[in-house]
Amino acid sequence: MLNGKKSLFSGMQATGTLHLGNYLGALKNWIELEDEYESFYCVVDMHSITVRQEPAELRRKARALLTLYIAAGLNPEKNCIYYQSHVPAHAELSWILNCYAYMGELSRMTQYKDKASKNENNINAGLFTYPVLMAADILLFQSDIVPVGDDQKQHIELTRDIAQRFNSIYGDVFTVPEPYIKKTGARIMSLQEPTKKMSKSDENLNASIFLLDDSDTIIRKFKRAVTDSDNEIRHSSDKPGISNLIEIYGIATGKSIAETEKEFEGKGYGEFKIAVGESVAAMLKPVQDRFYELEKDKAYIDSVIKNNAEKASYYANKTLRKVQKKIGFPERIR
Ligand code: TYM
């Protein structure tokens, strides 16, 4: 809670290019929450450096991501959209929470194990304590909910454990957050290996739809999507490829699984894949148009960056000061 209103926090890494999973699992769902919650959406550039980044590229991608948040429909007057590195309280609280997180629990994190296996030459301490920075992000804003895709659930559970541990020692300092995960779209699968989630780090470019892919590319990628060898458009756990496409089509068109199965009864995969591609291209087109417009308006984006960093710092510092006082850091002399 902040100012008597429920609050929320979420963020995305500024690495790679946003894909359809990021959009359907998270960004698209954020828009509908803006009236009910005091909302904070961060471009988590500090998280990005746990894997080596090319500096100019990181800066460019961070700005593109912030612009995409707005292009997707987040109103920066209602939602606080900012860069993590502009609000030092993230790093400060993260250090404190490191002292309340256990090696054992951090070593159980799936994302850590996954990234460590992919970056064997750079298993740095930041990669290991990444979830603690994430806990700091969320707890700084006394967040009631954290709208994310399914893969972040484990990190939010850890955040809850850290918050409860801290509260049990010092009293009610942190709101204990709940994950906010939608039933459909929470786990969009790779188009090439539908038993794996769609991921920014996938080297096969046909496996993911990127938010800025043009319509032809989107349709071509769906045409090439891997499906099973029977030809029935039916949602089932033994048909992961076609089930993934049915879910994507459902979100893009607002149709239920049953409606989609009926619409394509007796029709072939080829026809269905084109329909999915066209519906996704149509869904993303307005976001893309707005992105290219906004990108040109440098002064506007700069003003969002500046104003929102100040707003985020104000709320983050309130929580940070409370924490510092509780744990016994000396009072500031004014
Ligand atoms: P990131 O940048 O990997 O992903 C951003 C968001 O997209 C969701 N997502 C998916 N949803 C459905 N299907 C998929 N295939 C898919 N892939 C990704 C993610 O669940 C996420 O919601 N650690 C976070 C960033 C972060 C954060 C935070 C999130 C840092 N601090 C605090 C929430 C709160 C991450 O790496 O997300």
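The area buried between domain 1 and domain 2 comes to about 1300 Å², with carbon and sulfur atoms giving 82% of it. Buried area here is the accessible area (1.4 Å probe) that two parts lose on being put together, summed over both. In domain 1, Leu-20, Tyr-23 and Ala-71 lose the most area to domain 2, together 39% of what that side buries.

A word on the model before going on. It is a predicted one, where local features need pLDDT of at least 70 and side-chain atom pairs count only at pLDDT 80 or more, while totals for chains, interfaces and linings use all residues. Residues are numbered from 1 along each chain as its sequence is written, and side-chain values use heavy atoms, with hydrogens and water left out.

Domain 1 covers 6–180 + 297–327, and domain 2 covers 205–292; these bounds come from an automatic or database domain assignment. The contact (heavy atoms within 4.5 Å) takes 14 residues from domain 1 and 14 residues from domain 2. Between the two domains there are two residue pairs in polar contact, both at pLDDT 80 or more. A polar contact is a pair of N or O atoms within 3.5 Å; within protein, one must be able to donate a hydrogen and the other to accept it, and residues adjacent in sequence count only if both atoms are side-chain atoms.

Now to the ligand. It is surrounded by 29 residues, and the closest are Tyr-130, Asp-137, Asp-151, Ile-188 and Lys-200; a residue counts as near if one of its heavy atoms lies within 4 Å.

| Residue | Atom of the residue | Distance |
|---|---|---|
| Gly-21 | backbone N or O atom | 3.1 Å |
| Gln-152 | side-chain N or O atom | 3.1 Å |
| Ile-188 | polar backbone atom | 2.8 Å |

Finally, the salt bridges: the whole structure has 23 of them, each a side-chain nitrogen of Lys or Arg within 4 Å of a carboxyl oxygen of Asp or Glu. Lys-311 pairs in this way with Glu-38, with the closest N and O atoms 3.4 Å apart. Because Lys-311 lies in helix H13 (residues 298–327) and Glu-38 in strand E2 (residues 38–43), the pair ties together parts that are 273 residues apart in sequence. Helices (H or I, at least four residues) and strands (E, at least two) are DSSP runs, numbered from the N terminus.
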